[in-house]
Amino acid sequence: MTGAGYIELSYFDLVLAAALILINGLLSVAFRLGLERTLALNAARMVVQLGAIGFVLKFIFAQTSPLWTLGLGLCMVLFAGREAVARQTRRFRGWVAYGLGTSTLLFVGLLAVLFGVGVLIGPDPWYSPRFVLPILGMILGNTLTGISLGLDTLTTAANRERASIEARIALGHTRNDAMSAVTRQALRTGLMPIINAMAATGIVALPGMMTGQILAGVDPVQATKYQLLIMFLIAGGTGLGVLIAVLGGMRLLTDDRHRLRLDRLEKPDQ
Amino acid sequence: MLRIENLEVFGLQPVSLDVRRGKCLAVQGPSGSGKTLLLRAIADLDPAAGRVFLQDRERSSMSGPQWRRHVRYSAAEPGWWRDTVRSHFAETDALEKQAKALGLASGKLDQPITELSTGERQRFALLRAVADGPDVLLLDEPTGALDPKATRQVETLVKRLLRSGVTVLLVSHDPAQVNRLAGRTCTIRGGRLTGGRS
């Protein structure tokens, strides 16, 4: 995998780079943002998570077993599902909050891997973890942002627009009609990041995966082709994921008598 | 005729009441006693166990939207989902005349809703609620934000609806209004509704 121009990083290089986090820490102290603890904790979390995944991937790549690939893939989906609802203002009560996000991510991830890796890239064997896992990760990471934004918008807007939604319900409108404005708003918000990303890609930002391939010595044009494939997979996956999660969330916020059921949401955190 | 048997409204003991076609039953009781929740439960806006009949048709035999096209709840603070009043109506031919009868200038129909006063919005919401001819009206403080003249105009409209066979359940804090409109009165006190059965 190491291309012609690949330069290995030493641990000392990393320690020097990590010192840059101190800038954020000083900023927090100087302006009394109160973020020092969170910052330190999350930086440490990142080091541990990335460090661990490095070794886990090394082990799993060495196996090339469909079971290990599936197992780690499922773990990624479960964590992504938790992250998708972790910072919602108003969550659904009970297991539904977690279930909606996770089942959507599972479906989208499976579809994207089958199509992107199985059909388009076509490595041998097709479940080769070196292809499946990074691509699954990128799909999940982006889709969960869309789902999270979409659901957060849906529940917040439904709560804010309660009077106008119930006015329509009282007039005999169906739940689809009564919720159409907030549903549209939630879909738009959920799709916005990937649309922005596509617009900025190549001019403002060189995507991480492409940068990685170039750093590893791959020809930039080849790296671009991979990146385009990924972007299309992400766009399709996010679109599908946002659609399922928002429409699913809309159904959960209403019932079969077409009532608005804000009682199915938790009270917002302070 | 609207008939309710053991409706389990949140915070109330099971409610039974009936109102004959073209009649008005007033619901009285102190603030927070559950009058609004009762009306919402009848319109099927909140889940409530129990049986509700319109004529001989039970509520559970219709879908929620179907039921609410017959049994219409009109909120004390109505919601809007478009910019102007006019865009909330499917049929606007007779609207200006109806608005005038409630003391509303026709220009108000195309003004942004946010610029209308509470009382203007309340009267327009009543017109919206009766526009498609529901059989039962559940009126929650229909004149709460109105001056005496506008109140009279709204009462005239309600009387006309009663004569045409609409059944009305009226929540009002104004005893004189209850006298003018309602044939009977029921009262909610301490979580109990009394006087609902004719």
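In this predicted model, helix α9 (residues 180-200) and helix α11 (residues 220-252) of chain A have axes that come within 9 Å and cross at roughly 165°. Since angles over 145 degrees count as roughly antiparallel, α9(A) and α11(A) are therefore roughly antiparallel to each other. Their crossing is right-handed. On the side of α9(A), the contact is made by A:Thr183, A:Ala186, A:Leu187, A:Gly190, A:Leu191, A:Ile194 and A:Met198. The residues of α11(A) that take part are A:Met231, A:Ile234, A:Ala235, A:Thr238, A:Gly239, A:Val242, A:Leu243, A:Val246 and A:Met250. By class, this contact has 12 nonpolar residues, 4 polar residues and no charged ones.

The crossing of α2(A) with α3(A) is right-handed. In α2(A), the residues A:Ile21, A:Asn24, A:Gly25, A:Ser28 and A:Val29 meet A:Glu36, A:Leu39 and A:Ala43 of α3(A). The classes represented are 4 nonpolar, 3 polar and 1 charged. The table sets out the two pairs.

| Helix pair | Axes come within | Crossing angle |
|---|---|---|
| α9(A) and α11(A) | 9 Å | roughly 165° |

**Chain A as a whole**

What kinds of elements does chain A have, helices or strands? Chain A has 11 helices and 0 strands. Read from the N terminus, its elements are accordingly listed as α-α-α-α-α-α-α-α-α-α-α. The C-alpha atoms of chain A fill a box of roughly 70 × 55 × 35 Å along the principal axes.

One backbone feature of chain A concerns a peptide bond. Most peptide bonds are trans. The bond that joins A:Asp124 and A:Pro125, however, is cis, with an omega of about -5°. A:Pro125 is placed in the loop between α5 (96-121) and α6 (129-160) of chain A.

**The contact between the chains**

Chain A contributes 15 residues to its contact with chain B, and chain B contributes 17 residues. Which helix of chain A gives the most to the side that touches chain B? It is helix α7 (residues 162-170) of chain A, with 7 residues. The side of chain A that touches chain B comprises 6 nonpolar, 5 polar and 4 charged residues.

**Chain B and its two sheets**

Chain B has 6 helices and 10 strands. Its radius of gyration is 16 Å, close to the 16 Å that the globule rule gives for 198 residues, so chain B is as compact as a globular protein of that length. Along the principal axes, the C-alpha atoms of chain B fill a box of roughly 45 × 35 × 30 Å.

Strands of a sheet pair through backbone hydrogen bonds, either parallel or antiparallel.

One open sheet consists of 6 strands in the order β6-β7-β8-β3-β9-β10 (chain B), and its pairing is mixed.

Another open sheet has 4 strands in the order β2-β1-β4-β5 (chain B), with antiparallel pairing. Its edge strands are β2 (15-19) and β5 (57-58) of chain B, each of which pairs on one side only. Strand β1 (residues 2-7) and strand β4 (residues 51-54) of chain B pair in the antiparallel sense over 4 bridges. B:Glu5 stands opposite B:Arg51 in β4(B).

Strand β1 of chain B also contains B:Asn6. Most residues other than glycine have a negative phi. B:Asn6 is not a glycine, yet its phi is positive, at about 50°.

Methods
Residues numbered from 1 in each chain as written. Chains lettered and ligands numbered in written order. Predicted model: local features only at pLDDT ≥ 70, side-chain atom pairs only at ≥ 80, totals over all residues. Contact = placed C-beta atoms within 7 Å. Nonpolar A, V, L, I, M, F, W, Y, C, P; charged D, E, K, R; others polar. Pairing = 2+ DSSP bridges. Left-handed = near helix turned anticlockwise from the far one by under 90°. Rg over C-alpha atoms; globule rule 2.2 N^0.38 Å. Axes fitted to C-alpha atoms, helices over the stretch in contact; angles between N-to-C directions. Parallel < 35°, antiparallel > 145°, perpendicular 65-115°, else oblique.
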